Amino acid sequence: MREVLDAIAVIGIDRTKVIKTRSKAEPAFELPEPLEDQNKPFEWHDPFMQGRYPDQMEWLQVARGLTLGSIEQRRIGYDSQRYTFPIRYRGKWRNVRRYLPGGDPKWLQLPGHGAALLYPTEVLAGNTDPVLLCEGELDAILAQQQSEGLFVAVTGTGGAGVAPKDLSPLAGREVFVAYDLDDPGRKGAAKILPLLIAAGAVARIIDLESLGLSADPGDKSAPDITDFFMLGGTAEILHTEMVRLREAVPEEVAKNSVLAKATSSGNSGTSSGVTRAVLRRASEIKSRLQKFLWRPRLPLGTLSLFAGRGGVGKSTFAIWVAVEAQHGRLPGDLLGEKMTVLYVSVEDHWETQMVPRLVAAGADLDRFYKLDIEYTEDNVTHERIPNLPEDTQLIKEKIIESGARLVIIDPITSTISGDDHKREVVRAVLDPLAQIAGETDSVIIGIMHFNKGIGNASDKLSGSHAYRDTARSVLLFARDEDSDQIVMSQDKTNYAEADDQSLAYRLVDTAVDLDDGNIGRVARVEIIGNVSTSVNQIINRPQGQDSDVVQWLNEFMAEMGAPVAAQVVLDTGAAEGFTKTQLTRARKRAHPTVVTRKTGMDGGWEWSYEEIARPEEIPEIPEEVGILNGEFFATSSAEAPTTETESGDVEK
């Protein structure tokens, strides 16, 4: 960047003309589209204010304590069946939440507009007051109405279970989370706390019990901020609790998600409320041999990571590993034992992608489980992906219940609450995962991406370096353009000597019979075998150094004007001083691309431009003998057949 700026200055160009800075205010998610009819909320609000539904108006005023001014300000309406709460965000109406007291469900929203948003964001403008984050719209409206200028009140339109997608309006603000006095409220507060801190807020949790409220076991309606005000609570009392929390939870602590969660009002940091240090003699701990699911790559009882750039089939390879483990084919201490696998898939649909891939890989579908988290909101049961670290214990429960020895989280970065470039956020997630892997003697694999550019492969994991520090095993993936295969290398292993050899594989297009009667096509892994090329070598391979050989190959192929025997190309190129590796690499970088073909099942290999490839030639055949799944491990010591490769060599 410095060189770019210097160059711009030399030629006299204004840097603002060529460099666009992304506004920090832009949300890092796709906003719901604005309502097509921006006047729609008023169709329900105006008649409501004109007295068309007097009973419903009375309920808002008497049961919920709202004034006409608050109802008017928030444009609340009634559509003959439910109250309407239009949600305005970034200057546009983007959703209408429809509420029915005691309904099943209580809340409905417009299809396609339901992303959880902060509401009402208008109260945040033009002030730096403390922010009271409530659990529901009605709570936030009443709290704002009663605030007396001591704070402002907002909520998230997703309730306690789903945090707002964009918390950037709270950056730099002091936020006090006051969710309902029940288990969903407590869990929701614990979930949103690290997200607020990651967004740049100073966050603390207010326990409503500290304000004098208590939950009645026989009452399904949990005490909330509305109850606080309806029972005589005042803004001054609430503000006094905020001041007390400022002293109890200093700002430097409230900016740390782990410490803030442990020290906020009413939070003891444990389910029992009691913590203590314990001592245990080393003589009481029985030593044992470290065992492996896949020796030396995947040690049991640990967290491992798969990392690589897009397009290398990390997920497909993880499925291959899972299926081999299922059938007891991985060389390790569980060889020959059947096992159960749990899989969290964030990006791929199970119906259209995951199940067809599993079928193509030969999985036992009865012992392969989709892992989600079930939750209830407004008496409606939903499923979502796990949020870490708060759902870690739920994952442990399902590992124990199913007897699984392998859990795959794909990608692990999508399950993390908070900024995964911050070490403390990553450690807060991975340390508990590593702990439950040890407690259940299972392997937990997290799949993640590579950063772009050259450099040490060990430093390419996206996010904080804490990812690599925490994992006991790290496997890296990269596509080798020279050999047209994907290479997997072991970058880290704490419990065994690293394998000097990498493992190469290719992705094979496979037809699968689908349950709806159609035929789908998905990729499956086909193992090629051990190779000496590493991922580190591939990503740091110099670009552009083969321009001479590419030019020579283009001229040679153009001069020949027809397919050429592979050995002739290699021999002629060698006479010009080019190695076989250089020529193979140049074949893929030539323009047009030079492809290799077999002239028949018994014919030899030829090189040709794509557009002059003979129609009778069969598709390119992999260079190595096909070694599928566990057969590679079972036959690696057997005598290999003799075959001619695409380059013209004869090898075993």
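Analyst: Two strands count as paired if DSSP finds at least two bridges between them. The model to which this is applied is predicted.

User: Why are strand 8 and strand 9 said to pair?

Analyst: Strand 8 (residues 174-178) and strand 9 are joined by four bridges in the parallel sense; the requirement is at least two bridges, so the two strands pair. Within this pairing, Val 177 has Ile 205 of strand 9 as its bridge partner.

User: What makes strand 5 and strand 9 edge strands?

Analyst: The open sheet has five strands in the order 5-7-6-8-9, with mixed pairing. Strand 5 (118-119) and strand 9 (202-205) each pair on one side only, and are therefore its edge strands.

User: How are the helices placed against these strands, and at what angles?

Analyst: Helix 6 (residues 137-145) packs on the sheet, where it touches strand 5, strand 6 (131-134) and strand 7 (152-156). The direction of helix 6 makes about 175 degrees with that of strand 7. Helix 7 (residues 183-198) lies across strand 6, strand 8 and strand 9, and runs at about 165 degrees to strand 9.

User: Which residues does Leu 196 touch?

Analyst: Beyond four places away in sequence, its contacts include Leu 133, Leu 167, Val 175 and Val 177.

How values were computed
Residues numbered from 1 in each chain as written. Predicted model: local features only at pLDDT ≥ 70, side-chain atom pairs only at ≥ 80, totals over all residues. Heavy atoms only, no water. Contact = heavy atoms within 4.5 Å. Axes fitted to C-alpha atoms, helices over the stretch in contact; angles between N-to-C directions.
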